[in-house]
Amino acid sequence: MRPEKGVLIVLSGPSGSGKGTLVKKLLEQRDDTVLSVSVTTRQPRPGEIEGVHYYFRTREQVEEMIAEGSLLEYAEYNGHYYGTPEPPIKKWLEAGKNVLLEIEVQGAEKVMNHRSDLVSIFITIPSMKELEQRLRGRGTETEESIQGRLQVARQELSRAFRYQYVVLNDEVDRAVERIQTIIEAEKMRYAYMEDLILEVMNDAQAQ
Ligand code: 5GP
């Protein structure tokens, strides 16, 4: 059978929605899926590794990438650039791998505006109260930063309608299962199954 083309998956959700954990679990379960590594101008957090979590770059370097058109999308978030390098994505999709973009809503909308061959998923929390509890539970945020994140979360939730699917993250394993269901359904779309149909038709002619 010919290699199938992979699915481009755009995933967003408010800070504190647990999307990082969902992505990590999903990648553990699917060896046909890779996570796109973004460039960013923000400083690495403790434990973050260059080329694994991000490519950490200067503003000048990112602006050069923007100018030469090598980013699929980019956005400014919290005073820093974040962007998705395009060349590896093309390569992975052609190799039949699903590629996951874990990006914020402005960048996600840019990708949705110039590509239709993708599946978009918005991760939501059950309530703002729950989100507030999760953010406080981290124990690392000041009151001002918590209020700021809640405000951004409200803005992000108001863009959820742009996404094809909304996944409720009330419980990690169930949320991962929901994402799995979406990927499986997406792979059954005609565009991904066309090669099989053509093969079956060829078979029928040969007989
Ligand atoms: P953090 O600084 O917490 O790692 O990420 C901040 C936000 O930037 C998150 O919502 C994350 O999904 C988003 N982000 C990470 N990489 C990219 C990217 O390449 N493009 C865009 N538009 N957003 C990104």
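Let me start with a term: a residue counts as exposed when its relative accessible area is over 50%. Val-166 has 52%, so Val-166 is exposed. Keep in mind that this is a predicted model.

Stay with Val-166 for a moment. Val-166 lies in strand β9, residues 165-168. What does Val-166 touch, leaving aside its neighbours within four places in sequence? Phe-122 and Thr-124. Glu-68 is another matter. Glu-68 is 98 residues from Val-166 along the chain, and their C-alpha atoms are separated by 34 Å.

Now the rings. The structure holds five aromatic pairs. One of them is Phe-122 with Tyr-163. The geometry is edge-to-face: 5.3 Å centre to centre, with 65 degrees between the planes. Phe-122 sits in strand β8, residues 118-124, and Tyr-163 in the loop between α6 (143-157) and β9, so the pair ties together parts that are 41 residues apart in sequence. Buried or exposed, Phe-122 and Tyr-163? Both are buried. There is also one aromatic cluster, formed by Tyr-54, Phe-56, Tyr-77 and Tyr-82.

Two lysines sit over rings. Lys-110 lies over the face of Tyr-74, at 4.2 Å from the ring centre. The charged end of Lys-91 is over the ring of Trp-92, 5.1 Å from its centre.

Next, charges. Side chains of opposite charge can pair when their charged atoms come close. How many salt bridges does the structure hold? The structure holds 19.

First slide: Lys-24 and Glu-28. Their closest N and O atoms are 3.9 Å apart. Both residues lie in helix α1, residues 19-29, four residues apart, about one turn of the helix. Lys-24 is exposed at 55% relative accessibility, and Glu-28 is exposed at 58%.

Next: Glu-50 and Arg-57. Here the closest N and O atoms are 3.0 Å apart. Glu-50 is partly exposed at 43% relative accessible area. Arg-57 is partly exposed too, at 29%.

Then Glu-76 and Arg-59, with closest N and O atoms 3.3 Å apart. This pair links distant parts of the chain: Glu-76 is in strand β5 (residues 71-77) and Arg-59 in helix α2 (residues 59-67), 17 residues apart. Glu-76 is partly exposed at 39%, as is Arg-59 at 31%.

Salt bridges link Arg-30, Asp-32, Glu-184 and Lys-187.

Last item, the surface. Tyr-190, Ile-197, Leu-198 and Met-201 form a nonpolar patch, with about 380 Å² of accessible area together. Ile-197 belongs to helix α8, residues 190-206. Ile-197 has a relative accessible area of 38%, so Ile-197 counts as partly exposed.

Methods: Residues numbered from 1 in each chain as written. Predicted model: local features only at pLDDT ≥ 70, side-chain atom pairs only at ≥ 80, totals over all residues. Heavy atoms only, no water. Patch = residues over 30% accessible without salt bridge, like charges linked within 9 Å, V, L, I, M, F, W, Y side chains within 5 Å. Areas by Shrake-Rupley, 256 points an atom, 1.4 Å probe, with all protein chains shown as cover. Salt bridge = Lys/Arg side-chain N within 4 Å of Asp/Glu carboxyl O. Helix = DSSP H or I, 4+ residues; strand = E, 2+ residues; numbered from the N terminus. Buried < 20%, exposed > 50% of the residue type's maximum accessible area, 1.4 Å probe, protein only. Contact = heavy atoms within 4.5 Å. Phe/Tyr/Trp six-rings, centres within 6.5 Å; stacked < 30°, edge-to-face > 60°. Lys NZ or Arg CZ within 6 Å of the ring centre and 35° of its normal.
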